[in-house]
Amino acid sequence: MSLFGTDGVRGPAGQGPLSSLGALRLAACFAGALGEATAVAIARDTRRSGDMLSAAVVAGLCGAGLDVHDLGVLPTPALSWYLAEHPELAGGIMITASHNAWPDNGLKFFAAGGAKVADAVQDATATAWQAGSNGPTSPPGARHDVAEVAERGYLASLVAAVDSLQGTKVVVDTASGAAWRVLPAALDAAGAEVIDIAPPPTGTNINDGLGAVHPGVMAAAVVTHGAHAGIAVDGDGDRIMLADPTGQVHDGDAILGFLAADMRAEGTLRGGCVVGTKTTNSGLGQYLAQQDLQLLRSDVGDRHVAALMASSGANLGGETSGHVLTPDLCPTGDGSRVALDVLRRARGRSLADLLGAVPRYPVGKASVRVAERPPLDSLPALAELTDAANTALAAVGGRTLLRYSGTEPILRIQVEAPDAADATGWAERLAACARECIPS
């Protein structure tokens, strides 16, 4: 795998670029790629390795001559928001492995203003790292602890954008991650009755059977408590899943469909389109077409979604996994902010009807662990079976998608079909073939 995946650098904490020395060097290489920068910001999630990597990243950045604003434990979108609020900062690093289990960690890189870094900066960072560079040598910078100020400001920004949620009961699942304080606090400040089901972070319980990757626990709690809605974010707070009062879980595609229709009705949707990815369910495209809107598809990864949004003039996009990009609200995906915006817009209406209006084609999924990543069209048996699947599915509006993960040594297989059994069957056949063709 290359140094950078679909969203930064990710892997087992303590190894390679995510060891203390590796993170120090990588941060210094990033500092060099920023050019004439003088100051940056960092934040981290709640993993046990966060303190170690934070110290290493600070050392690398300060050693390269940069001052560092340390936000402490805050969600990824809080770092993005802070960068937008402080234009003097040249970029930032979020220390997180997002939805991965606690033994992993990672680094996400941000540009000035809070967007993900440009390809050129990422490429320059990777090139310097792979060349063995220790980054620029400069008079050392200083670390500034801004955690309390940053959390207070970010929380105020969340609450300011929401009308009163008085009388709304909400189940919240923060995955014991970076949003564990700010999301419940924002809902409470907006007047909602909050039922927080995630335990306080221990360093090893982030994403442990909870959060946006495991929304069933949150959904069940919504029914148990008779809540109006449920919110689940992932470990760094940029993904979101919602549940309606019936306990039905709604993913990023459903959220995008609702927001698109509502924003179009109020005249705030731009570009006449919504940007999804290759994995976006075709049901969203069908729903948008009924609204005279177009679905554009980018490569997987929110940085690719953001790039296509910028080039198409769109102000709404995201991924099925729950990354929802609303640049009018925040430079990057913000699970807390999107959740509050959905609740604000849906107030007085049925959340089940609004989110349930977006159809979803049945999907069959499979994952195959791989030790190598040969081009898929170089594997005759797999290519032949994929062609057969696409031919059979095209007649009924289905499709296949096979792609290597950008964050894990996995081949992901996704099949859409009107019939769930067909989708599952084709996914299993393709996975079995891939296991025979690709070394594990």
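Biologist: How far apart are the mean positions of the positive and negative charges of the protein chain?

Modeller: In this predicted model, the mean positions of the 31 positive and 46 negative charges are 1 Å apart, where Lys and Arg count as positive and Asp and Glu as negative.

Biologist: What makes the secondary structure of the protein chain, and why is the chain called as compact as a globular protein of its length?

Modeller: The chain comes to 14 helices and 18 strands. Its radius of gyration is 22 Å, close to the 22 Å that the globule rule gives for 440 residues, and therefore the chain is as compact as a globular protein of that length. Along the principal axes, its C-alpha atoms fill a box of roughly 65 × 60 × 40 Å.

Biologist: What share of the 440 residues is buried?

Modeller: Buried residues make up 57% of the chain, with buried taken to be under 20% relative accessible area.

Biologist: Which residues touch the most other members of the largest nonpolar core?

Modeller: They are L71, L187, I231, L259 and L316, within a core of 59 residues, to which helix α8 (residues 252-266) gives the largest share, seven residues. Another core, of 33 residues, lies apart from this one and has V9, A23, V57 and V117 among its members.

Biologist: With which residues is L316 in contact, leaving aside its neighbours within four places in sequence?

Modeller: Taking contact as heavy atoms within 4.5 Å, the partners of L316 include L256, L259, A260 and M263, and also V324, L325 and T326.

Note on methods
Residues are numbered from 1 along each chain as its sequence is written. This is a predicted model: local features need pLDDT of at least 70, side-chain atom pairs count only at pLDDT 80 or more; totals for chains, interfaces and linings use all residues. Side-chain values use heavy atoms; hydrogens and water are left out. Helices (H or I, at least four residues) and strands (E, at least two) are DSSP runs, numbered from the N terminus. The radius of gyration is taken over C-alpha atoms; the globule rule is 2.2 Å times the number of residues to the power 0.38. Buried means under 20% relative accessible area, exposed over 50%, partly exposed in between (1.4 Å probe, protein chains only). The place of a charge is taken as NZ of Lys, CZ of Arg, CG of Asp or CD of Glu. A nonpolar core is a set of buried Ala, Val, Leu, Ile, Met, Phe, Trp, Tyr and Cys residues joined through side-chain atoms within 4.5 Å.
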